[in-house]
Structures are given as C-alpha cells and as structure tokens.
Amino acid sequence: MGERAYIIRREGKKWKAIYSHWGAGHIERGLRDIIRKWQDYISKTIAGETPEPFDAFEELEELINDIWNNEVGNGEEITTVERPSDFIVWDDITIEAWVIYEPSKFIAIYSPAIVLDGKTGVLMTLEKPLLNRMENKEIVRVIQMFLNAMHIAKYVAYGIKKNLITPETAQKIFWYYVSHEGYDTKMPHNVHLIIERPPQQVLDVLDRKINLLLY
C-alpha cells in the first residue's frame with residue numbers, strides 16, 4: 001500500500017469525502033498495530049494478567065477518525081458524495097486506499113493492486129459487531145487476510161493483464177492463498193478480489209442499501 005487515500009464518511013443522511021496525502025500508509029500501519037494489540041491482549045490473558053479492554057472495530061474507527069480530523073485541521077476540502085461506489089475510481093492507481101465509513105456501523109477499505117493498471121484490487125468490509133455477529137478475533141482475522149490479500153492480488157493482477165489466467169482462475173487462486181489453503185471459510189464474506197468493478201450486490205453494501213451478511 002502506498003500513501004494517498006480518500007475517506008468517505010457518512011454524516012447523517014449525507015456522505016462526505018476528504019483526501020489524505022499520507023492516509024493509506026497510516027491505515028496500513030494502523031491495521032498492523034491492531035493485530036499487534038490483539039496479540040498482546042491474548043498473551044496477557046493467557047498469562048493470567050488483566051489486559052486493557054480491547055475492541056477491534058473501535059480501534060479501526062479511531063484510526064479513521066484520527067486521519068479525518070488531521071486532514072480537516074490541515075484545511076483539506078470536504079466534498080459531498082452522492083454514493084460511495086460512484087465516487088471511488090476503481091481503475092485509479094494513484095489513490096492507494098479508499099475508505100467507506102459509517103460511524104459505529106460499517107467500515108470498508110479498497111486497495112488497488114497497483115500492477116500495470118488499476119483494474120484489480122482488494123476490498124475489505126466489516127459490520128459493527130452485534131449479537132451473534134463477529135467477535136474481536138474474527139475482525140482481526142479479516143484484517144490479517146486483507147493485508148495478505150493485498151500482496152496476493154498483485155500476482156493475480158499480473159496474470160490477468162498478461163492473459164496468463166482468466167478472471168475465474170484468478171478468483172480461485174486468490175481464495176486458496178488468502179484463506180490459508182481454503183481452511184478459513186469466512187473470508188469470502190469480508191475480503192474480496194475486485195476485477196474491473198465490484199458486482200452490484202457488493203456495491204449495494206458499500207452504499208449501505210443492504211447490510212453485509214456475516215456467517
């Protein structure tokens with residue numbers, strides 16, 4: 001992941017967007033820090049210590065809000081957006097991260113593979129955990145998958161570009177490696193390989209027309 005990012009945040013019934021020149025780098029480092037905090041939390045729990053309360057979704061929210069507030073303080077322009085999925089330029093490799101954020105409810109991050117063109121990338125989607133929904137360990141696992149997927153996507157993007165593999169084969173390769181050889185069945189619902197443009201159902205999730213189904 002590079003540095004440039006856009007954050008698209010819901011405020012009431014409207015979507016607002018702000019540019020962050022260093023945002024993508026902050027996001028990647030922040031995601032890795034969330035994983036580190038979770039590992040520290042588990043280590044202290046196993047050792048019989050009492051760790052500080054940990055909420056992976058709230059940690060990610062804090063990261064996004066910190067970037068937003070920093071850019072507001074820098075005087076970056078805030079743009080009104082009709083639909084997040086239309087604001088994202090899916091084939092733009094100059095923006096390394098697109099964040100869609102509905103406070104206390106939903107977070108999505110799209111990262112283009114940045115190989116030759118911007119027609120392939122990785123999308124992560126997360127709902128705020130509710131009763132019988134995702135736990136901290138599941139959110140952290142999705143974050144780990146997303147970071148891994150960003151690297152795998154570069155290889156399949158190259159294969160697609162050079163006509164070495166079909167998009168269908170690319171999806172199978174992506175699934176196999178990102179899901180730890182197919183063992184993690186939750187991955188398809190939260191981490192997606194995007195080729196050209198997401199399917200309509202995924203676009204509807206990003207625009208908050210339908211909620212993400214978590215199993």
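Reader: Hi! Which residues in helix 1 meet which ones in helix 2?
Author: Gly 23, His 26, Ile 27, Gly 30, Leu 31, Ile 34 and Lys 37 in helix 1 meet Ala 56, Glu 59, Leu 60, Leu 63 and Ile 67 in helix 2. Contact means heavy atoms within 4.5 Å. Helices (H or I, at least four residues) and strands (E, at least two) are DSSP runs, numbered from the N terminus.

Reader: And how does that contact split by class?
Author: The contact of helix 1 with helix 2 has 7 nonpolar, 3 polar and 2 charged residues. Here Ala, Val, Leu, Ile, Met, Phe, Trp, Tyr, Cys and Pro count as nonpolar, Asp, Glu, Lys and Arg as charged, and the others, Gly among them, as polar.

Reader: Before I go on, what sort of model is this?
Author: This is a predicted model, where local features need pLDDT of at least 70, side-chain atom pairs count only at pLDDT 80 or more, and totals for chains, interfaces and linings use all residues. Residues are numbered from 1 along each chain as its sequence is written, and side-chain values use heavy atoms, with hydrogens and water left out.

Reader: Thanks! Back to the pair: at what angle do the axes of helix 1 and helix 2 cross?
Author: Roughly 155°, and the axes of helix 1 (residues 23-46) and helix 2 (residues 56-73) come within 10 Å. Axes are lines fitted to C-alpha atoms, for helices over the stretch in contact, and angles run from 0 to 180 degrees between N-to-C directions. Helix 1 and helix 2 are therefore roughly antiparallel to each other; the cut-off for that word is over 145 degrees.

Reader: Is their crossing left-handed or right-handed?
Author: The crossing of helix 1 and helix 2 is right-handed. A crossing is right-handed if the near helix is turned clockwise from the far one by less than a right angle, and left-handed if anticlockwise.

Reader: What about helix 4 and helix 5, how do they pack?
Author: Helix 4 and helix 5 (residues 167-178) pack at an angle of about 150°, with their axes 9 Å apart. Helix 4 and helix 5 are therefore roughly antiparallel to each other, and their crossing is right-handed.

Reader: Which residues meet there?
Author: From helix 4 there are Met 145, Asn 148, Ala 149, Ile 152, Val 156 and Ile 160, and they meet Pro 167, Ala 170, Ile 173, Phe 174, Tyr 177 and Val 178 in helix 5. By class, the contact of helix 4 with helix 5 divides into 11 nonpolar, 1 polar and no charged residues.

Reader: Zooming out, how many helices and strands are in the protein?
Author: There are 7 helices and 7 strands. Along the sequence the pattern reads β-β-α-α-β-α-β-β-β-α-α-α-β-α.

Reader: And what is the strand order in the sheet?
Author: The open sheet of 7 strands has the order 3-2-1-4-5-6-7, with mixed pairing. Its edge strands are strand 3 (78-81) and strand 7 (191-195), and each pairs on one side only. Two strands pair if DSSP finds at least two bridges between them. The twist averages 20° from one strand to the next.

Reader: Which strands does helix 1 lie across?
Author: Helix 1 lies across strand 1 (5-11), strand 2 (14-20), strand 4 and strand 5, at about 70° to strand 4. Helix 4 (residues 136-161) lies across strand 5, strand 6 (120-127) and strand 7, at about 165° to strand 6.

Reader: Strand 5 keeps coming up. How many of its residues are buried?
Author: 7 of the 7 residues of strand 5 are buried, so strand 5 is largely enclosed by the rest of the structure. Buried means under 20% relative accessible area, exposed over 50%, partly exposed in between (1.4 Å probe, protein chains only). Phe 106, Ala 108, Tyr 110 and Pro 112 are on one side of strand 5, with Ile 107, Ile 109 and Ser 111 on the other.

Reader: How many bridges join strand 5 to strand 6?
Author: 7 bridges join strand 5 to strand 6, and the two run antiparallel. In strand 6, Gly 121 is the bridge partner of Pro 112. On the strand 4 side, 5 bridges join strand 4 (residues 97-102) to strand 5 (residues 106-112), also running antiparallel. Glu 102 has Phe 106 as its bridge partner, and Tyr 101 stands opposite Ile 107.

Reader: Nice. What phi does Ser 104 have?
Author: Ser 104 has a positive phi of about 65° although it is not a glycine. Most residues other than glycine have a negative phi. Strand 4 and strand 5 form a hairpin with 3 residues between them, and Ser 104 is in the turn. At 47% relative accessibility, Ser 104 counts as partly exposed.

How values were computed. Angles under 35 degrees count as roughly parallel, over 145 as roughly antiparallel, 65 to 115 as roughly perpendicular and the rest as oblique.
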